Amino acid sequence: CVCLPSVCSGIGLALCERLLTEDTQLRLCLACRNMQRAEAARSALLTSHTGAHVDLLQLDVGSVESVLDAAEVVKSRYNRIDFLYLNAGIMPNPQVDIRAFFKGLFSRNVINMFATAEGLLTQQDRLNSDGLQEVFATNLFGHFVLIRELEPLLCQTGHTSRVVWTSSSNARRSAFSIDDIQHRKGTEPYSSSKYASDMLSVALNRRMNGQGLFSSVVCPGLVMTNLTYGILPSSFWTLIMPIMWLIRIFTNTFTLTPYNGAEALHWLFLQKPESLDPRAKYHSLTSGLGTNYTKPRQMDIDGETADVLFSKLLELEKVVRRKLCERNADNEAHQRYLSEIE
Ligand SMILES: NC(=O)C1=CN([C@@H]2O[C@H](COP(=O)(O)OP(=O)(O)OC[C@H]3O[C@@H](n4cnc5c(N)ncnc54)[C@H](OP(=O)(O)O)[C@@H]3O)[C@@H](O)[C@H]2O)C=CC1
Ligand SMILES: CC(C)CCC[C@@H](C)[C@H]1CC[C@H]2C3=C(CC[C@]12C)[C@@]1(C)CCC(=O)C[C@@H]1CC3
């Protein structure tokens, strides 16, 4: 079984198409927060792959309660998970620093700026219903809790299983602080959460390879999806498309289509886990002539800090679970009270 949160659109949906083309016998489980969109994604997949086995699962990865409920359903449906693609990601209220953009345009750093958006992007985050920073909760913590809950299906004797994170070239060490893992204080929660997911992948490999669980990180490049249409309107992107094709000659990170962006995710599916580098980020790249390929680059991560992050996430998980239990007990008490005064 291949479980994919979240694939209603963009890179995730393109990956599903590619996986089904690769192996018609796959059993896919699309985990999405919006079931209408999930149904639409399933119909689209079944139109191009008649007879494919595609299940749906309701999952809001930004809510711990939803993650716990979804994990129960998965455990009741499947005996084993071979691949868990952790693809859900948000970038709320993005702001492009126009001044920094023009300054960067005439600097030596220009290619790096286009590849990583370093110094260009900030976001405004908020608290979710669990009291967590929303970007951290969605891009990292929900996935962490999901892996923890699905451990029995992922770590089975005699089998290897894979966790694959859709990270970003925007993940930057300087945006992340081990003393503020949720990025409560900064203005780059997206970059921080993606760097944290890179670290978590390293920590998972350090802890779980012995139990047959292998984690990898992917960067899809710059892809036109709902996420990028949230940064600048689609009409703008369409207008500057010729410039983007031109930039692609200098940086192969402008993969642009979801199909191209899913290259490294697809490539990883075909690799033996033992042959992969636990500290590499696998980049989807597209050449000026439109050829897709995957290239690993070493991540700027130290293993000890990655272990500290893992421990902090375990601690936070405990706290959130306790809060959830208290909230449910309160709700039950309130329901009892309401029925008594009826
Ligand atoms: N586009 C790009 O240039 C790049 C994208 N990425 C990463 O790629 C991944 C996919 O993004 P992309 O395809 O571009 O953009 P999309 O917005 O198309 O895809 C994001 C997916 O995440 C889902 N999602 C968001 N929040 C939640 C949630 N709380 N629970 C469940 N699902 C959720 C969305 O579901 P819904 O349909 O309900 O909104 C959607 O299916 C993200 O992790 C992103 O950070 C990384 C680098 C570059
Ligand atoms: C002429 C145009 C190409 C001008 C566009 C400038 C910026 C809006 C973009 C330059 C680099 C881009 C980029 C991203 C968003 C848009 C840019 C900042 C991402 C941050 C999108 C999400 C990611 O995960 C990584 C991308 C890196 C590059």
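Two strands are said to pair if DSSP finds at least two bridges between them. In β7, the bridge partner of F83 is R162, and strand β4 (residues 83-86) pairs with β7 in the parallel sense over 4 bridges. The model described here is predicted.

- R162, the bridge partner of F83, stands opposite F214 in β8.

- Strand β8 (residues 213-219) and β9 pair in the parallel sense over 3 bridges.
- Within that pairing, V218 stands opposite Y282 in β9.
- Strand β9 (residues 280-286) is largely enclosed by the rest of the structure, because 6 of its 7 residues are buried.
- β9 pairs in the antiparallel sense with strand β10 (residues 292-298), over 7 bridges.
- L285 stands opposite Y293 in β10.
- A hairpin is formed by β9 and β10, with 5 residues between them.
- In the turn of this hairpin, G290 has a positive phi of about 90 degrees.

**The largest nonpolar core and V218**

- The largest nonpolar core contains 78 residues, of which L30, L150, M199 and V218 touch the most other members.
- Helix α6 gives the most to this core, with 12 residues.
- Leaving aside neighbours within four places in sequence, V218 is in contact with V164, W165, T166, S167, A264, L265, L268, Y282 and S284.

**Helix α6**

- Helix α6 spans residues 134-154 and bends by about 40 degrees at F141.
- The helix is mostly covered, with 17 of its 21 residues buried.

**Surroundings of ligand 2**

- Ligand 2 is surrounded by 18 residues, the closest being A117, L120, S168, N170 and L222.
- The elements that give two or more residues to this shell are α5 (110-116) and α10 (241-250).
- α10 gives the most to the shell, with 3 residues.
- By class, the shell around ligand 2 holds 13 nonpolar residues, 5 polar residues and no charged residues.

**N112 in helix α5**

- N112 lies in helix α5, one of the elements that give two or more residues to the shell around ligand 2.
- Is N112 buried, exposed or partly exposed? N112 has 16 other C-beta atoms within 10 Å. A residue is buried if 20 or more such atoms lie within that distance and exposed if 12 or fewer do. N112 is therefore partly exposed.
- N112 and D302 are 190 residues apart along the chain, and their C-alpha atoms are separated by 23 Å.

Methods:
Residues numbered from 1 in each chain as written. Chains lettered and ligands numbered in written order. Predicted model: local features only at pLDDT ≥ 70, side-chain atom pairs only at ≥ 80, totals over all residues. Near = placed C-beta within 6 Å. Nonpolar A, V, L, I, M, F, W, Y, C, P; charged D, E, K, R; others polar. Bend = angle between axes of the 7 residues up to and from the residue. Core = buried A, V, L, I, M, F, W, Y, C linked by C-beta atoms within 7 Å. Contact = placed C-beta atoms within 7 Å.
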